[in-house]
Amino acid sequence: MSVGRGWHFFCRYICPYPVSSGYIPDESETLKENVLNSITMIRPLADRVVIEPKAAETQTASGLFIPDTAKEKPQQGTVVAAGPGKKDEPMEVQVGDVVIYGKYAGTEVSVEGKDYLIMKQSDILAIL
């Protein structure tokens, strides 16, 4: 079976492995790379940030368990990705910062089974 011209172009200019080695990555390896880089695939634009919310408390200080219907929405989280900012307004938050944000701020997004919030920098109230 002959390999088409497109495959040779891919191997020569795009594939990170040398053609002479004869190595072709299988689907499981490329899937692992995609899962590891899934959060880096979310690149916020302008003054937007991606935040991973802190888990809601399941137990009170006295030891009582809080049912799912009575749990409050968390208002604290960790910045996972940040946009480049605007020309007149540089970004003040950086990746890894723990922040406090408004209760109903941002848009909820689920990537690879994890929940994230995408919001403007102005929706963030404080950096801890």
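**Figure 1. Overview of the contacts and elements of the protein.** Among contacts in the protein (heavy atoms within 4.5 Å) with a separation of 6 or more, 59% are between residues 24 or more positions apart. This is a predicted model, in which local features need pLDDT of at least 70 and side-chain atom pairs count only at pLDDT 80 or more, while totals for chains, interfaces and linings use all residues. Residues are numbered from 1 along each chain as its sequence is written, and side-chain values use heavy atoms, with hydrogens and water left out. The protein holds two helices and six strands, in the order α-α-β-β-β-β-β-β from the N terminus on; helices (H or I, at least four residues) and strands (E, at least two) are DSSP runs, numbered from the N terminus.

Figure 2. Six strands form an open sheet with antiparallel pairing in the order E4-E5-E1-E2-E3-E6, where two strands pair if DSSP finds at least two bridges between them. Strands E4 and E6 (124-127) stand at the edges with a single partner strand each, so one side of each is left without a neighbour in the sheet. From one strand to the next the twist averages 45°, an angle taken between N-to-C directions on a scale from 0 to 180 degrees, with axes as lines fitted to C-alpha atoms.

**Figure 3. The hairpin of E4 and E5.** Strand E4 (residues 107-111) runs antiparallel to strand E5 (residues 114-120), and five bridges join them. Ser-110 has Asp-115 in E5 as its bridge partner. Two residues lie between the strands of this hairpin, in which Glu-112 takes a positive phi near 55°.

**Figure 4. The pairing of E3 and E6.** Three bridges link strand E3 (residues 98-101) to E6 in the antiparallel sense. Tyr-101 stands opposite Ile-124 of E6.

**Figure 5. The nonpolar cores.** A nonpolar core is a set of buried Ala, Val, Leu, Ile, Met, Phe, Trp, Tyr and Cys residues joined through side-chain atoms within 4.5 Å, and buried means under 20% relative accessible area with a 1.4 Å probe, protein chains only. The largest such core has 11 residues in all, including Val-49, Val-93, Tyr-101, Leu-117 and Ile-124, and strand E1 (48-53), E3 and E5 each supply at least two residues of this core. Leaving aside residues up to four places away in sequence, Val-93 touches Val-49, Ala-82, Val-99, Gln-121, Ile-124 and Ile-127. Another core, of five residues, lies apart from the largest one, and among its members are Ile-42, Val-50, Ala-81 and Val-111.

Key: Buried < 20%, exposed > 50% of the residue type's maximum accessible area, 1.4 Å probe, protein only.
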